Amino acid sequence: MSKKAWLAIAVAILIPLVFYMIASKYGVDMPRRYYPDSVVSRIKDGKEINDTFWHRVNNFTLQNQLGEPVTLDGEAGKVIVIDFFFTHCGSICPTLTRNIKKLQDGLKFQEGGKRIDTSFVRFLSLSVDPVRDSAPVLRKYADHYGVNSDVWWLLTGPKKTIYDFALNELHLGLQDSVSVDSNFVHTDYLTLLDRDHVVRGYYHGTDTAALAKLADDIVYIILDTIVALLNE
């Protein structure tokens with residue numbers, strides 16, 4: 001997303017931005033970053049400073065429920081929320097989908113009585129059974145649950161691509177060693193990526209309190225990004 005687009009968003013959320021800046025002065029519990037790639041030391045004003053370079057998850061190319069090829073790099077600048085599911089799941093997946101639907105519908109701001117879509121957020125639901133979950137199957141599932149394709153994609157593609165991303169990029173096995181393995185990923189965890197696609201949090205998607213924390217963290221990251229852009 002361009003700087004111009006981010007600044008347009010800043011105007012739309014001026015009031016929450018002011019509240020954020022006030023809260024920052026007194027300490028905001030920002031979601032931490034995960035998985036440093038390297039730490040580089042440098043000297044500034046006679047003092048040693050350590051700069052941490054955080055792992056940015058690698059790109060993938062998959063197909064959404066509309067049959068369109070999409071890439072993670074194509075969503076650069078957006079805050080990303082990711083989950084893993086499959087359409088014939090009869091346990092946690094319907095609950096996950098319904099809860100993400102609540103986030104989809106709830107993450108909007110008010111301005112002059114009008115509701116403004118948070119198009120700077122992208123929800124991604126990756127199928128862990130892509131052989132059966134073709135694009136038409138995903139579209140039927142999406143229609144059933146009221147998925148808005150403008151902000152939420154259900155994705156299918158090569159199983160190796162999806163599983164490598166879950167295990168080696170998001171490191172879900174480190175968070176859920178019981179439900180995540182190389183044979184079948186079946187976890188209720190949602191993963192939050194910031195606009196640089198650095199992991200910023202994991203949340204149980206079937207837990208109400210965890211979902212509330214995720215919603216707060218999304219807003220904090222967005223406002224933190226806008227503050228940084230305004231200071232450039």
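Predicted model: local features only at pLDDT ≥ 70, side-chain atom pairs only at ≥ 80, totals over all residues.
pLDDT is the predictor's confidence in each residue, on a scale from 0 to 100. Residues are numbered from 1 along each chain as its sequence is written, and side-chain values use heavy atoms, with hydrogens and water left out. The protein averages a pLDDT of 84. A score of at least 70 is reached by 79% of the residues. Over residues 109-117, pLDDT stays under 50. For that stretch the model has 16 contacts beyond four places in sequence, a contact being heavy atoms within 4.5 Å.

The secondary structure comprises seven helices and eleven strands. Helices (H or I, at least four residues) and strands (E, at least two) are DSSP runs, numbered from the N terminus. Of the 232 residues, 45% are buried. Buried means under 20% relative accessible area, exposed over 50%, and partly exposed in between, with a 1.4 Å probe and protein chains only. Among contacts between residues at least 6 apart in sequence, 68% join residues at least 24 apart.

The largest nonpolar core holds 57 residues. Such a core is a set of buried Ala, Val, Leu, Ile, Met, Phe, Trp, Tyr and Cys residues joined through side-chain atoms within 4.5 Å. Ile82, Phe84, Leu124, Leu126, Phe165 and Leu170 touch the most other members. Helix H7 (residues 208-230) supplies the largest share of this core, seven residues. In soluble globular proteins, nonpolar side chains tend to be buried together.

Ile82 illustrates the packing. Its place is in strand S5 (residues 79-85). With a relative accessible area of 0%, Ile82 is buried. Beyond four places in sequence, Ile82 touches Leu124, Leu126, Phe165, Leu170, Tyr189, Leu190, Thr191 and Leu193. Ile82 and Thr191 are 109 residues apart in sequence, yet 5.1 Å apart in space, C-alpha to C-alpha. Leu124 also contacts Ile82. Other partners of Leu124 beyond four places in sequence include Phe60, Leu72, Trp152, Trp153 and Leu155.

Aromatic rings were examined next. Rings of Phe, Tyr and Trp (its six-membered ring) pair if their centres lie within 6.5 Å; planes under 30 degrees apart count as stacked, over 60 as edge-to-face and the rest as tilted. In one, the ring centres of Tyr34 and Tyr35 are 5.6 Å apart and the planes stand at 50°, so the pair is tilted. Tyr34 is buried at 13% relative accessibility, and Tyr35 is buried at 19%. Tyr189 and Tyr202 form an edge-to-face pair, 6.3 Å centre to centre with 90° between the planes. Tyr189 lies in strand S10 (residues 189-193) and Tyr202 in strand S11 (residues 199-204), so this pair ties together parts 13 residues apart in sequence. Both Tyr189 and Tyr202 are buried. Tyr34, Tyr35, Tyr189 and Tyr202 form one aromatic cluster.

Charged side chains also sit over rings. The criterion is NZ of Lys or CZ of Arg within 6 Å of the ring centre and within 35 degrees of the ring normal. Arg122 lies over the face of Trp153, at 3.7 Å from the ring centre. The charged end of Lys159 sits over the ring of Tyr163, 5.0 Å from its centre.

Tyr163 belongs to the buried set of helix H5 (residues 159-169), with Ile162, Phe165, Ala166 and Glu169. These buried residues pack against strand S3 (61-63), S5, strand S8 (121-127) and helix H6 (172-175). His171 follows H5 and has a positive phi, near 55°.

Helix H4 (residues 135-145) buries Ala135, Leu138, Tyr141, Ala142 and Tyr145. Seen down the axis of H4, these fall within an arc of 120°, so they line one face of the helix; the arc is that of the directions from the helix axis to the C-beta atoms. The face turned away from the buried side carries the exposed residues Pro136, Lys140, Asp143 and His144. Cover for the buried residues of H4 includes S3, S5, helix H3 (92-106) and strand S9 (152-155). Thr97 lies in helix H3 and is buried, at 3% relative accessible area. Beyond four places in sequence, Thr97 is in contact with Tyr141, Tyr145 and Trp152. Just after H4, Gly146 takes a positive phi of about 75°.
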